Each structure stands twice: as C-alpha cells, then as structure tokens.
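Hello,

Here is the structure I promised to pass on. Please have a look at it first, and then read my notes below.

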Amino acid sequence: MKRPGSFPWRLYRWFVVKQVFWSAVLFLALSLIVGLTSDSFWLVFFSFGLAFLSVITISLLMARRLLLPLGRLIERTRRMRKNPFDEEEVTPEAMAFDEPGEWYELERALNRLGRDLRTKTIRLSREKTELRAIMSAVSEAVFAISRDRRILFFNPQFTDLFGEVPDPGETRMSEVLRSPDVVEAYTEVLKTGLPIRREVIEEVGADRTPRNFLLSLAPLAKKHNGEIYGAVGIFHDITEMKAAERIRIEFVGNVSHELRTPLTTINGYLQTLESDMKQGRMDHAQEFLKIISDNVKRLRVLVDDLLDLSALESGKDLKFEIIRLQDITESVMSQVNVSNHKVHVVYEVDQMQGDPKRIEQVLRNLMENAVRYVPEGKDIEVRWVAGPDGKTELHVKDNGPGILPKHQPRLFERFYRVDEGRARKEGGTGIGLSLVKHIVQRHGGQVHVKSQVGQGSEFICEFPKLPH
C-alpha cells in the first residue's frame with residue numbers, strides 16, 4: 001500500500017511475533033533432539049538455522065502480501081465513513097490479486113456495500129431535505145415528541161406560534177405546551193399507538209393569547225418492529241373559523257329578529273285594521289296604513305342591504321370607471337337629510353377609479369350614520385384626501401358623542417349596534433357599516449375608525465390606486 005497508515009501493522013506485528021516465537025521454539029527443540037542423536041551437531045544446527053531463517057523470511061513476505069488487501073479494505077471503509085457521498089470507481093485491475101480468493105470476494109462485497117450505502121445515504125439526505133421543505137411549507141404548526149416527552153422536531157410555523165425552543169433535544173414538551181388537553185392527547189397517542197383528532201385551546205405568543213386548534217396526532221413507529229418511539233401532531237388553527245361560526249350563528253339570529261319585528265308589527269296592525277273595517281270603524285285606518293307602510297319600507301331596505309352584502313361576499317364583479325367625487329358627494333347630499341347639521345365638504349382630490357354605485361353607497365351609509373347619531377346643530381365634515389402611494393381617502397368626521405372603545409372593534413360586524421334602540425327607532429338596519437367594509441375591501445382598500453367619547457368620530461376609507 002502507498003499509505004503506511006492503511007497497512008494493518010498491529011495484525012502484522014502480532015503475526016510476526018507469533019511466527020518467530022514458535023519457529024524458534026521448534027528450531028531449538030529439533031536442534032536438541034538431532035544434536036543428541038547425531039555426531040554432526042553443528043552441521044545439523046547450521047542447517048536448521050538456515051531453514052529457520054528461510055521459513056521466517058518467506059512467512060514474513062507471505063504475511064505482508066496476505067495482509068495488503070486488508071489494509072486496502074480498511075482504507076476504503078474509512079473513506080466511505082468520512083465521505084459517504086463520494087463516488088469511487090474501482091477498476092478490475094485494482095481488485096485483481098495473483099490468486100483471487102476470499103479477499104477478492106470480500107472486497108467485491110465491500111464495494112457493493114459501499115454503493116448501496118452511498119445510494120441510501122443520498123436518498124435519505126434527499127428525503128430529509130424534502131421533508132424539511134414540506135414542513136416549512138406547511139401552514140400549520142408541526143410538533144413531535146419522544147416517549148420520554150422530549151422534543152424530537154418541529155417546523156418554523158411552530159416557533160412563530162409558541163416561541164423559540166432553547167434546546168430541542170433536551171427540552172420537554174411541558175416547557176413549551178402547557179395546555180392539559182394537549183398533553184393528555186399526546187399521552188394517549190403514545191399509550192395506544194392510534195391516531196386521534198381533538199379540539200384544544202392553547203395559549204400562543206408573548207402575550208399568551210388563547211387560540212383554538214384542531215390537533216391531529218399520529219404515532220411514530222419503528223419500521224422493523226412497529227415499536228412506538230414518539231408522536232407527531234399538526235396544529236390546525238381554527239380560531240378564525242370558530243369566530244366565523246359564531247358570527248354566522250349570530251347573523252341567523254339577528255336576521256330572524258330583524259325580520260320578525262316588522263312582520264309582527266305589520267301582522268298586528270293588519271288584524272286590527274281588518275277588525276275595525278268589519279265593525280265600520282275607519283277613524284285610525286290612515287294611521288295604521290302608514291305604520292304598515294313604514295314597516296314594509298323597513299323590510300325592503302333590510303332585504304336590499306342583505307342582497308347587497310351577499311353580492312359583495314359572493315365576489316360579484318364591480319364596474320370600475322373614473323368617478324368625479326363632487327358628483328358623487330352632491331348626489332348623496334341630495335338623498336340624505338342634512339338640513340339640521342352643519343356639513344362641510346373638502347375636495348383635495350377631484351376624481352378616483354372605482355365602482356360609482358358602490359362608492360356612493362359607502363358615502364351614503366356613513367352620512368346616514370352621522371346624521372342618525374350626531375345631535376342636531378353639530379358639524380359633519382366630508383373630506384376627499386390624496387393619500388400616500390396614489391391612494392384616495394374618504395374621511396367622514398363629526399363632533400358628536402363619540403364611540404366607547406369596547407364597541408369600536410365590532411362596529412363593522414353585521415347587525416352590531418352601539419345604541420340598538422335608537423338605531424331601530426330611526427330606521428337603521430345594522431348592516432350599513434358592514435356594507436361599507438365589504439365595498440372598500442372589494443376595491444382593495446381598508447376602513448377604520450378613530451373615536452373618543454365626547455370628542456366625536458372619524459371614519460376613514462382608504463382606496464388604493466388601481467392599475468389601468
């Protein structure tokens with residue numbers, strides 16, 4: 001071998017010591033036996049000595065030749081262990097010996113083993129890379145533990161939700177996940193070896209905000225014997241879905257209530273009117289008919305708003321065109337009774353691109369709300385402002401009573417009212433601000449409110465510049 005470090009010197013030294021020792025013992029024993037029975041002692045001793053040296057020399061040369069393939073195999077295994085991805089071409093000449101035998105077969109087997117090991121190592125490395133990429137691409141948090149509740153692996157989405165894990169190999173699950181329901185679910189999977197799905201609540205983020213999760217758990221088992229060595233779970237965040245379900249339930253209840261109230265009124269006055277007509281009393285007929293007509297109008301407005309909201313949520317196409325903001329504003333002012341308020345209109349921008357019908361609907365709903373809730377004689381300001389990045393902003397500001405902070409996050413929910421009794425009395429359906437939000441969002445913008453109790457409110461609608 002070219003590299004001395006690859007030659008099996010320890011085995012060679014062991015062989016040399018054993019060979020010399022036993023050859024020397026045999027030489028001395030034969031020399032003594034022959035010397036005692038022969039007259040030519042020194043001649044026999046010299047002959048045996050020469051034979052001893054010849055045997056030792058030949059044995060050493062044969063031992064070295066015999067152990068050379070072993071050194072090559074040792075060197076090759078070291079290279080395979082150090083560089084498992086390096087592909088080494090072994091030529092037949094490099095494997096050929098003077099007398100092919102077990103060493104030749106062993107080297108061929110080792111070469112095949114090296115190729116198989118390289119192929120499996122490359123495949124495992126590729127699968128590991130693909131698995132890491134898949135785990136990073138999965139939108140849900142993935143988290144796995146061992147039987148002793150130590151963390152095995154997790155994906156970046158898990159750290160985004162639950163924070164960094166200081167030492168994954170040593171950290172226990174209870175140091176990261178504190179919900180008893182989550183711990184119990186993992187324990188059950190480790191115990192039974194069966195996958196489960198369970199709704200749990202876990203605190204996330206630095207402020208430990210509770211969120212709803214659908215936890216899907218499955219056992220991790222060894223392939224060769226099926227032994228369970230851990231469990232992996234996927235945290236599906238269903239907080240928004242739960243909120244949407246709650247809103248849907250509230251929406252159905254609110255719609256039923258909103259429809260039932262005018263229908264009950266209409267039915268009651270119709271029965272009264274029918275009874276009066278049978279008895280020939282027509283004194284209050286005109287009054288009853290007006291009440292019935294007002295409630296029919298309220299029903300029609302409510303149904304129209306619901307249809308508008310449904311059309312916006314279903315993705316019905318908007319008709320975009322260049323809008324003259326002064327025309328839109330003047331049209332709204334002619335529809336809303338603002339005679340009892342001081343209205344100021346400011347145009348910092350003359351036109352914008354959008355659906356004229358929907359933009360007019362936004363301004364009308366905001367003005368109707370302002371007129372409804374702002375006391376008579378107070379100021380209402382409408383401003384069309386040129387915002388950053390080509391945005392157009394609509395500001396509707398008043399100096400009315402303002403809105404309590406607890407109401408502000410829910411203002412744009414359907415049927416949510418700050419003053420429910422007053423809104424119903426003055427004809428509000430509770431859908432106006434929800435329509436405003438959906439129309440602005442369909443234009444790619446956003447809407448928010450600024451308000452302090454006693455200092456009025458300001459509704460701001462931001463419409464981005466649309467591509468031509």
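Strand S9 (residues 379–386) pairs with S10 (residues 392–398) in the antiparallel sense, over 7 bridges. Strands here are DSSP E runs of at least two residues and helices are H or I runs of at least four, numbered from the N terminus; two strands pair if DSSP finds at least two bridges between them. Within this pairing, Arg383 sits opposite His395 in S10. The hairpin of S9 and S10 has 5 residues between the strands, and there Asp389 takes a positive phi near 55°.

S10 also has a partner in strand S12 (residues 457–463): the two run antiparallel and are joined by 6 bridges. His395 turns up again here, this time opposite Ile460 in S12. Of the 7 residues of S10, 6 are buried, so the strand is largely enclosed by the rest of the structure. (Buried means under 20% relative accessible area, exposed over 50%, and partly exposed in between, with a 1.4 Å probe and protein chains only.)

A word on where this comes from: the model is predicted, so to speak of local features pLDDT must be at least 70, and side-chain atom pairs count only at pLDDT 80 or more, while totals for chains, interfaces and linings use all residues. Residues are numbered from 1 along each chain as its sequence is written, and side-chain values use heavy atoms, leaving out hydrogens and water.

Next, the aromatic residues. Rings of Phe, Tyr and Trp (its six-membered ring) pair if their centres lie within 6.5 Å; planes under 30 degrees apart count as stacked, over 60 as edge-to-face and the rest as tilted. By this rule there are 10 aromatic pairs. In one of them, Phe158 and Phe235 have ring centres 6.4 Å apart and planes at 55°, so the pair is tilted. This pair links distant parts of the chain, with Phe158 in helix H5 (residues 156–162) and Phe235 in strand S5 (residues 228–237), 77 residues apart. Phe158 is buried at 0% relative accessibility, and Phe235 is buried at 1%.

Finally, helix H12 (residues 432–442) has 8 of its 11 residues buried, so it is largely enclosed by the rest of the structure. Among the buried ones are Leu433, Leu435, Val436 and Ile439. Their cover includes helix H8 (285–313), helix H10 (356–373), strand S11 (446–451) and S12. Just after H12, Gly444 takes a positive phi of about 85°.

Best wishes

Note on methods
Contact means heavy atoms within 4.5 Å.
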